[in-house]
Amino acid sequence: MRRNRPVFASIIATLMLAATPLYAAPASPADNAAYAALVPAYVLVNADRREGVSLSGPWHYSVDPYRDGQADFLGRPFKVSQTRGADINVEQASRDNPNALYEYDLGRAPLADIPGSWIGYDPQLRYYNGLMWYQKRFDAPAADGKRIFLRFGAADYRATVYLNGQVIGEHEGGFTPFAFDVTDKLRAKDNNLVVAVDSTRTPDTIPPTVTDWETYGGITRDVTLVTTPQTYIDDDFIRLTKDGRIAADVALEGADKADQAVEVSVPALKLMLKGTTGADGRVSLSAKAPAGLKRWSPDTPTLYDVRVTAGADSLSDRIGFRTIEVKGSQIILNGKPLFLRGISLHEEEFGPDPSRRITPEASRALLTEIKTGLHGNFVRLAHYPHSEVTTRMADELGLLVWSEIPVYWSANFTRPETLQAAQKMIAENILRDRNRAAVVIWSVGNETPISDARNHFLGTLAQEAHDLDGSRLISAALNTATSNGPNDISIKDPLAAYLDVIGINTYNGWYGNGTLEDVRKTVWHSDYDKPMIFSEFGAGAKYGYHDPAQQHRFSEDYQASYYKATLEMADHIPFLAGMSPWILKDFRSPRRQNTWQQGWNRKGLLSETGQRKQAFFVLGDYYQKKAGEK
Ligand code: GCU
C-alpha cells in the first residue's frame, strides 16, 4: 500500500483495475499494488488512540452558497485578498488599510462547536446544502523532531483544506478519515487553518443526489493534530486467522522504514511476535494462538491490549480475536453457526434535532438499545461508514457490525471517476476498521438497480474489499428479488454470485398493496448455497398513534402487526441467517413529508427521542426466543 505515486501511474492502476476481468485471481492481499492509487496517503491506523492535540471545539463558520470565496463575480480566480482560504487576518488588515474592502471575515464569523453538522449551528441552516467555510487558529505543538499530521475523522461531502493560505489537500467522501502531513507547514504561533466543506451531491457522487436520509454537511467528526516519530507505524492489521494463528501485518512509513525491528505483543496472552521490515517497510508476523485465548463474541466481547513497537514508535490498541466465515447457508462465528439478531441504524444521536454529534455517550445509548433492549447481537451501520466511536463501542458492548459505503440507489455506475471515489471510500473504511473484531461484513452498496455497469462497479468493489481484507464477509443489500407469482419470491441477482452473504431488502406489506396475510404466506427460494439476511424490512409508525381496529399505516398497531407477520414469514426460510430490520429509531429524511412524518422517516422501533413503540417489544421478544433466553 504505497502512496504518492505519480498521477500517471495511478491512472494506469485504475485503468488496469477497470480492465481487470471481474473476479480474476485476487491480488495478493500482501501486495496491493493494484490499489496503490486508491489507499489513503496516510492510514494512521489507531489514530484515535495516538498521541495528539485535539482541534475539536469552537471554529468560525461562514456560509457561501454562491461560492463567493472561491472565485470572483465573473467566476475568475481571485487575487489573493478575496480568497477565503487566504492567510489574512481581516480585522488586522482593515486596521492597516482602512480603504481595503473584504466581503468576508472568518476571524469574526459566528462560532460553532466542532464536530457536528451545520444543521445544528443555526435553524436557518436546516436545509442548507452547499459550501461552508470553517476557520480555526492555533499554535503548533512542539514538534521535537516528530512528524505532525492534521487528521479529520470525516467531513461531508468534499473538503478543501488551506493551512496558512496554502491548499494542503482535498478529500472526497463524507464518512471516512483523511490526513495531511503538516510537519513542515506549521508555524510556531497563530496557524490559520481554513476548511471549505461542500455538501453538494450530484448524480456522480457517492451517494448520488437522492437518498432517503439527511445530508449532514460539515466537519462531522473530530479534528486532531497527530504526532508520530519520523518513521512510524502507519498501518497494522492484527487478527485471528481461520487456522488458529494470531497474524499481524505491519507497515511503517518514513525514511527508516526498511530493516526495522518490529514487535507485536499481547501481554495477557504472553504472546510476542518479532520480525524485521523489508525494503518496503512492511512485515507479516504470526504465531499459533495461545491456548488461553478468549475469543471475542457478542456474548464474550473480550478485548486484549495489543502493543506494536517499531523503532521510536509504539501503538497500543484494544483488539478482539475471533473468526467469521460462511458454510453453505450458515454464518459461522468462532466455528459455530449463529443467527444475526440485528437492526439497522443511521448515524444520528437520539434527540428532537440531531446534528450527527456521535459522542461515546450518544453511541452507547443507541447500541445499548440494540444489545439490551432488543436482545440483539448485530447492527447494520447504514448506509455509510459510521464514526470509529461507534465501531469501537460495538467492540466493547459485543455487537457484530455490517459496515457499508454509500453506493446507493441510482449511483452513476458508468463513470470511472465515480468508481474510483467508491474504491477510495471502501479502502479508507477497511483500513480504518479492520482491527475491529465487531466488524464482520463489508457491504459494497444498497438497492442498486441491476445492469452490466452496476454489476461491474459493485463486483470491482467486492473484489477490492476481499483483497484488502480476506478475513471478513462481503455483502450488499439487494432489492432485486423477483416475484414468481403471488407470495412466491426467488433471489435473482448477478451480483449475488460475488457475495459471501446475500442481503435482501423486502417491504411486502408496507410498500405495494400486499396484505399482511400475503406476507405470512410468502415463500422464498434461492439458488445460491449462501446465507441470506434480511438487510431491511420495516413499516412506519408515529409514536403514540394507535389504531387497533383499523390498523392504519403509521399506527403503532399496524407496525407491530407487520413485524409479527414478517417474522412469521422469516421463520420459514431455511437459508435465512439473520436480519437487520429497518430501523432502530426514526431518522431525518427530507423525502418524508406526509402528516405522520414531517421530515422524518418513521420506520424506527423507537421515536427520535428513544420512546419505544409496540413493534420494539415484538422484535425484542422474538430475539429473546432466538437467543434461547426465554
Ligand atoms: C430502502 C432504503 C432505505 C430507506 C428505506 C425506506 O430500502 O434502503 O435507505 O430508508 O427503504 O423506504 O424507508
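This is a predicted model: local features need pLDDT of at least 70, side-chain atom pairs count only at pLDDT 80 or more; totals for chains, interfaces and linings use all residues.

Residues are numbered from 1 along each chain as its sequence is written, and side-chain values use heavy atoms, with hydrogens and water left out.

Let us start with the ligand, which has 14 residues around it, and of these D212, E447, Y511, E536 and K603 come nearest; a residue is called near if one of its heavy atoms lies within 4 Å of the molecule. By class, this shell holds 5 nonpolar, 4 polar and 5 charged residues, where Ala, Val, Leu, Ile, Met, Phe, Trp, Tyr, Cys and Pro count as nonpolar, Asp, Glu, Lys and Arg as charged, and the others, Gly among them, as polar.

Which distances separate polar side-chain atoms of E447 and E536 from an oxygen atom of the ligand? For E447 the distance is 2.3 Å, for E536 it is 2.6 Å, and a polar side-chain atom of R592 lies 3.0 Å from a ligand oxygen atom as well. The protein covers 97% of the 320 Å² of accessible area that the ligand has on its own, with areas taken from the Shrake-Rupley method and a 1.4 Å probe.

Turning to the strands, which are DSSP runs of E with at least two residues, numbered from the N terminus, we find an open antiparallel sheet of 3 strands in the order β20-β21-β22; two strands pair if DSSP finds at least two bridges between them. Its edge strands, β20 (324-327) and β22 (336-338), each pair on one side only. Strand β21 (residues 330-333) is joined to β22 by 3 bridges, and L333 has K336 in β22 as its bridge partner.

Elsewhere, strands β28 (residues 482-485) and β29 (residues 488-491) pair in the antiparallel sense over 3 bridges, with G485 standing opposite D488. Their hairpin has 2 residues between the strands, and N487 takes a positive phi near 60°.

Finally, there are 29 aromatic pairs, counted when ring centres of Phe, Tyr or Trp (its six-membered ring) lie within 6.5 Å. Y121 and Y134 form one that is edge-to-face (planes over 60 degrees apart), at 6.3 Å centre to centre and 85° between the planes. Because Y121 lies in the loop between β3 (111-114) and β4 (131-138) and Y134 in strand β4, the pair ties together parts that are 13 residues apart in sequence.

Technical notes. A polar contact is a pair of N or O atoms within 3.5 Å; within protein, one must be able to donate a hydrogen and the other to accept it, and residues adjacent in sequence count only if both atoms are side-chain atoms. Helices (H or I, at least four residues) and strands (E, at least two) are DSSP runs, numbered from the N terminus. Rings of Phe, Tyr and Trp (its six-membered ring) pair if their centres lie within 6.5 Å; planes under 30 degrees apart count as stacked, over 60 as edge-to-face and the rest as tilted.
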